[in-house]
Amino acid sequence: MLGLGNSMTGGASAESVLDLSSKVFHVSGFNVTSSDVGGEQKVSAMENLADGSSITVGQSVDNKKPIYDAANKGVHFPFTSASGQVDQLDLSSAITLTDAFTVFFVSKQSTPGEQNAAYQFVTGSYTDANNKSSIYLFTEEDDGSDPYFNIRATQSGTTDEIGIEQFNNGTPSSVKSFICITKDAGASATVKVYQSANNTFHSEISDTDFDANVDFVIDQVGGFEPFQNPGGGTAVPQGNMHLYELGVYNIALTELQVREISNDMTVKHGIE
């Protein structure tokens with residue numbers, strides 16, 4: 001496992017951020033189980049790289065399996081208007097983040113530039129109308145430029161979100177990038193969003209509006225966006241992405257730690 005930027009203290013290597021015990025979930029396009037389905041390599045499972053976790057992630061229904069891009073080590077969740085064929089990977093058990101947490105991912109949007117395909121839903125959950133979570137990007141530009149970001153959650157009918165905020169640096173969502181979200185502990189939490197693309201690390205968002213102290217729950221990757229017609233239908237927000245890496249911690253990482261992961265992901269996935 002890559003560990004760029006680690007220092008040496010007393011002759012021993014410092015622990016990589018990617019090896020911390022607070023990492024509860026981690027999947028990568030380098031660790032995928034796929035098979036031929038109708039002439040395409042379809043993903044049935046991604047290995048969970050978080051030590052000590054028993055959670056698995058996969059899909060048994062062929063027409064809901066995402067496509068494996070072996071050459072680029074990515075998992076493709078293409079946009080489709082056929083509601084029964086929207087690609088989604090399911091976790092065997094939900095991850096409930098009750099306090100501080102960090103979520104990072106490496107991705108690019110699959111089909112920007114259309115109103116119905118403008119969303120890139122990464123991860124979250126849908127239990128019912130009163131309990132759901134979502135992390136997504138949004139852009140209506142043909143090249144995916146000027147993306148907006150949002151994280152929101154509803155627990156027992158109480159909804160919290162930072163609101164849709166635009167990335168200051170406008171890196172196109174159709175370009176492979178590293179994005180990381182950290183949330184402090186407590187009701188007065190600060191949510192920070194970082195991005196790495198075009199060989200530059202940016203601190204994009206710092207927001208205190210995520211303050212209702214609700215749980216953020218993860219039990220799916222891709223699929224229908226939980227806050228907008230999660231039961232299906234045509235032309236609704238969905239995964240619509242190429243996903244290369246996704247990781248979850250039950251602590252808020254520091255900016256220095258986020259930069260370390262960013263360095264690792266930049267090398268691992270050739271982010272330019």
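Student: Is K65 buried or exposed?
Tutor: K65 counts as buried, because its relative accessibility is 8%, where buried means under 20% relative accessible area, exposed over 50% and partly exposed in between, with a 1.4 Å probe and protein chains only. This is a predicted model, in which local features need pLDDT of at least 70 and side-chain atom pairs count only at pLDDT 80 or more, while totals for chains, interfaces and linings use all residues. Residues are numbered from 1 along each chain as its sequence is written, and side-chain values use heavy atoms, with hydrogens and water left out.

Student: Which residue does K65 form a salt bridge with?
Tutor: K65 pairs with D62, and the closest N and O atoms are 2.9 Å apart; a salt bridge here is a side-chain nitrogen of Lys or Arg within 4 Å of a carboxyl oxygen of Asp or Glu. D62, for its part, counts as partly exposed because its relative accessibility is 39%.

Student: And how many salt bridges are there by this rule?
Tutor: The count comes to 4 salt bridges. One of them joins R152 to E225, with the closest N and O atoms 3.8 Å apart. That pair links distant parts of the chain, since R152 is in strand 13 and E225 is in the loop between strand 19 and strand 20 (241-249), 73 residues apart. Strands (E, at least two residues) and helices (H or I, at least four residues) are DSSP runs, numbered from the N terminus.

Student: Are R152 and E225 buried or exposed?
Tutor: Both R152 and E225 are buried, and R152 has that label because its relative accessibility is 13%.

Student: What does R152 touch, leaving out residues up to four places away in sequence?
Tutor: With contact meaning heavy atoms within 4.5 Å, R152 touches K132, S133, S134, Y136, D160, E161, F210, F216, E225, F227 and Q228. For one of these, S134, the C-alpha atom is separated from that of R152 by 5.5 Å, with the two residues 18 apart along the chain.

Student: OK, over to E245: which residue is its salt-bridge partner?
Tutor: E245 forms a salt bridge with K268, and the closest N and O atoms are 3.0 Å apart. Here too the pair links distant parts of the chain, with E245 in strand 20 and K268 in helix 1 (residues 255-269), 23 residues apart. E245 is buried because its relative accessible area is 0%, whereas K268 counts as partly exposed because its relative accessibility is 26%.

Student: What about M265, where does that lie?
Tutor: M265 lies in helix 1, and M265 is buried because its relative accessible area is 1%.

Student: Switching to the surface, which residues form the negative patch?
Tutor: The negative surface patch is formed by E140, E141, D142, D143 and D146. Such patches are made of residues with over 30% relative accessible area and no salt bridge, like charges being joined within 9 Å and nonpolar side chains (Val, Leu, Ile, Met, Phe, Trp, Tyr) within 5 Å. E140 is found in the loop between strand 12 (131-138) and strand 13 (148-155), and E140 counts as partly exposed because its relative accessibility is 41%.

Student: Backbone now: what is the phi of K73?
Tutor: Phi of K73 is near 55°, a positive value in a residue other than glycine. K73 sits in the loop between strand 7 (67-69) and strand 8 (74-77), and K73 counts as partly exposed because its relative accessibility is 28%.

Student: Where is N213 found?
Tutor: N213 is in the loop between strand 18 (200-207) and strand 19 (216-222). N213 has a positive phi of about 60° although it is not a glycine, and N213 counts as partly exposed because its relative accessibility is 38%.

How values were computed. Areas by Shrake-Rupley, 256 points an atom, 1.4 Å probe, with all protein chains shown as cover. Lys, Arg positive; Asp, Glu negative; His and termini not counted. Charge placed at Lys NZ, Arg CZ, Asp CG, Glu CD.
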